[in-house]
Amino acid sequence: MNHPPSDIQPVRPPLPSAESWLEGVPTPAQQKQDGYAVAALATSLPGMVPIAVVLAGIALRRIKRTGGRGKRLAYGALLVSLCWVIATAVAVTLNLIGEHRAGIGRTVSISQVAVGRCFDADLDADALKLVRIADCAAPHTGEAYAKVSATLAGLSAADTGTVATQQCAGAFVEFVGKPYERSELDMYYVVLENRDVADGNVLCLVGMPGTKLTGTMRGSQR
């Protein structure tokens, strides 16, 4: 007995579950950059090194746990932070070398203070003999602003003071930009020699007893 041919049905493999279709496809959380990594890089650029390092560490731990993105940003933040640390260390070292060469912090005789140097000392002392060289950019008590020539041989102490004051007063107005008589600053002098010498025999100083100066007084109009 012949049977009519039946329709041929194609054999199809069973459909995979929905979960299997997502295998290997990044989840939304894995596709976006980790927020801590972004924040780490953003804070490292202006030199906020401690914050950047902490944020980068948190980001790397989160990325390792979740498989998210942002590892390059976190490592970039660490690299930028390292550059800041190196740059700061170099700057500090160069500054210390510069201060050493300039003699900053060294105690010297007042007569050894070079023109343009700032110093710390007790300006109210009866006899000012020793001073400590200071950075003019930092608070200090005085500044040597000129060496002047004055003929002092044979003069009394009072006349020596008058001549030295007159000579330093002339250099004072050129340096500060205001006559000594109208200035809030005080003027001092140190007689280096009684005879005239080529580079001057009187050292002129400026300061304010009981008050710290910051920056040079050149052109300060004070």
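**Salt bridges and a nonpolar surface patch**

L82 is partly exposed, with a relative accessible area of 46%; buried denotes under 20% relative accessible area, exposed over 50%, and partly exposed the range in between, using a 1.4 Å probe and protein chains only. The structure is a predicted model, in which local features need pLDDT of at least 70 and side-chain atom pairs count only at pLDDT 80 or more, whereas totals for chains, interfaces and linings use all residues. Residues are numbered from 1 along each chain as its sequence is written, and side-chain values use heavy atoms, with hydrogens and water left out.

**Nonpolar patch**

- L82 belongs to helix α5, residues 71–102; helices (H or I, at least four residues) and strands (E, at least two) are DSSP runs numbered from the N terminus.
- On the surface, L79, L82, V85, I86 and V90 form a nonpolar patch with about 440 Å² of accessible area together.
- Patches consist of residues with over 30% relative accessible area and no salt bridge; like charges are joined within 9 Å, and nonpolar side chains (Val, Leu, Ile, Met, Phe, Trp, Tyr) within 5 Å.

**Salt bridges involving D120**

- The whole structure contains 4 salt bridges, each defined as a side-chain nitrogen of Lys or Arg within 4 Å of a carboxyl oxygen of Asp or Glu.
- One of them pairs D120 with R132, whose closest N and O atoms are 3.0 Å apart.
- This pair links distant parts of the chain, 12 residues apart: D120 is in strand β2 (residues 118–120) and R132 in strand β3 (residues 130–134).
- D120 counts as buried at 13% relative accessibility, while R132 is partly exposed at 37%.
- D120 also forms a salt bridge with K212 (3.0 Å, N to O).
- Here the partners are 92 residues apart, with D120 in strand β2 and K212 in the segment after β6 (202–207).
- K212 is partly exposed, its relative accessible area being 48%.

**The R222–E184 salt bridge**

- The side chains of R222 and E184 form a salt bridge at 2.9 Å, N to O.
- Because R222 lies in the segment after β6 and E184 in the loop between α6 (157–176) and β5 (186–191), the pair ties together parts that are 38 residues apart in sequence.
- R222 has a relative accessible area of 25% and E184 one of 44%; R222 is therefore partly exposed, and E184 likewise counts as partly exposed.

**Network**

Technical notes
Areas by Shrake-Rupley, 256 points an atom, 1.4 Å probe, with all protein chains shown as cover.
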